[in-house]
Amino acid sequence: MLKVIIDPGISRFQVLRLFEGAGIRFDSFDSSSLVCSLNFPMELISSSLLPKIPAFAIYDWMSRFAIPDLHVVRHLNIDSGDIVLMVPSEAKYRGMEWFKDKVVATPYPDLLSAFFCEHSVRAKVMPFFFSGVSNEYPLADAYCMRTPFDGSILNMKTVETVSHSDCVIAAYGNFSASDQVIADDFLFRLDAALSARDKKLVNMFVPVGSADIVEKEIRSAYPFISRSDFSGQAKFEFVADESWFWDVIDHFKSLGASDIYISSISSYIP
């Protein structure tokens, strides 16, 4: 059984959507208890077990998850945000010198220490990490957190951006032979789901007189295309990057393209 841990700081909703795109379903996503997939040999476990058993961890790479020996295997590009510095809402903030000799609590101590060093600021960095059961914040003069975060919870306002966050999946420990097979399948499914994020399924009709030109232009970028001719019209169906299609749609319409239908796809396997 493959073990997977999700950093409490990562949106479980975003991870659930990614899993659904990979064809992996759960009837519960409770971070405080072990949860098994309904249709895949995988279970979500508490982060406290990570140093003890081989597992995958989905987490914000900037935090390093406070666990050594994690090997990043995929950048997921989900739950994006920034790592920011926040000071009390009533503070008269005029620049980085405000942090001199202040205590700043953060789940990103290494990152923040390097940031302060870069700006020649002497501040005390207080590391803390979410337990996954409750979100408890230590008493500090300021905080360095990951957005989206509601600063009003701590009566704080954002004043500086430290870095852009980066959600990854990493492996810890050595999987057994049987678990490695599951892990390879899991990563294959994730790749298919991630590949589909910027792609759309396109259906459209083009007059037969213009169909050869349209087909040639589509195939130059996306060779896998379906074409059916009937009643003076050619029906095209293909998968394309969304940005590419919006760049060429006016050109296709000038050639008579009509009844254009664009839909999302959950997975894409080239």
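Guide: Let's begin with helix H2 (residues 109–118), where Pro 109, Leu 112, Phe 115 and Phe 116 are buried. Helices here are DSSP runs of H or I with at least four residues, strands are runs of E with at least two, and both are numbered from the N terminus. This is a predicted model, where local features need pLDDT of at least 70 and side-chain atom pairs count only at pLDDT 80 or more, while totals for chains, interfaces and linings use all residues. Residues are numbered from 1 along each chain as its sequence is written, and side-chain values use heavy atoms, with hydrogens and water left out.

Visitor: Why is Phe 116 called buried?

Guide: Buried means under 20% relative accessible area, exposed means over 50%, and partly exposed is in between (1.4 Å probe, protein chains only). Phe 116 has 3%, so it counts as buried. Phe 115, with 9%, is buried too.

Visitor: What puts the buried residues of H2 on the same side?

Guide: Pro 109, Leu 112, Phe 115 and Phe 116 are the buried ones. They cover an arc of only 125° around the axis, so they sit on the same side of H2. That arc is taken from the directions that run from the helix axis to the C-beta atoms. On the other side of H2, Asp 110, Cys 117 and Glu 118 are exposed.

Visitor: What covers the buried residues of H2?

Guide: The cover includes strands S6 (82–88), S7 (103–106), S8 (124–127), S9 (142–146) and S10 (156–164). Contact means heavy atoms within 4.5 Å.

Visitor: What makes S6 largely enclosed?

Guide: Of its 7 residues, 6 are buried, so the rest of the structure largely encloses S6.

Visitor: How do you know that S6 and S10 pair?

Guide: Two strands pair if DSSP finds at least two bridges between them. S6 and S10 have 7, in the antiparallel sense, and Val 87 stands opposite Lys 157 in S10. S6 and S9 also run antiparallel, joined by 4 bridges; there, Met 86 has Tyr 143 in S9 as its bridge partner.

**Rings**

Visitor: How many aromatic pairs are there?

Guide: A search of the whole structure finds 16. One of them is Phe 115 with Phe 116, whose ring centres are 6.4 Å apart and whose planes meet at 50°, so the pair is tilted. The rule takes rings of Phe, Tyr and Trp (its six-membered ring) with centres within 6.5 Å; planes under 30 degrees apart are stacked, over 60 edge-to-face, and the rest tilted.

Visitor: Why is the pair of Trp 244 and Phe 252 called edge-to-face?

Guide: Their centres are 6.3 Å apart and their planes stand at 65°, so the pair is edge-to-face. Both Trp 244 and Phe 252 are buried.

Visitor: What makes you say that Lys 102 lies over the face of Trp 98?

Guide: A charge sits over a ring if NZ of Lys or CZ of Arg is within 6 Å of the ring centre and within 35 degrees of the ring normal. Lys 102 lies over the face of Trp 98, at 4.5 Å from the ring centre.

**An open sheet**

Visitor: Which strands form the open sheet?

Guide: There are 4 strands, in the order S13-S14-S12-S15, with antiparallel pairing. S13 (225–230) and S15 (258–264) are the edge strands, since each pairs on one side only.
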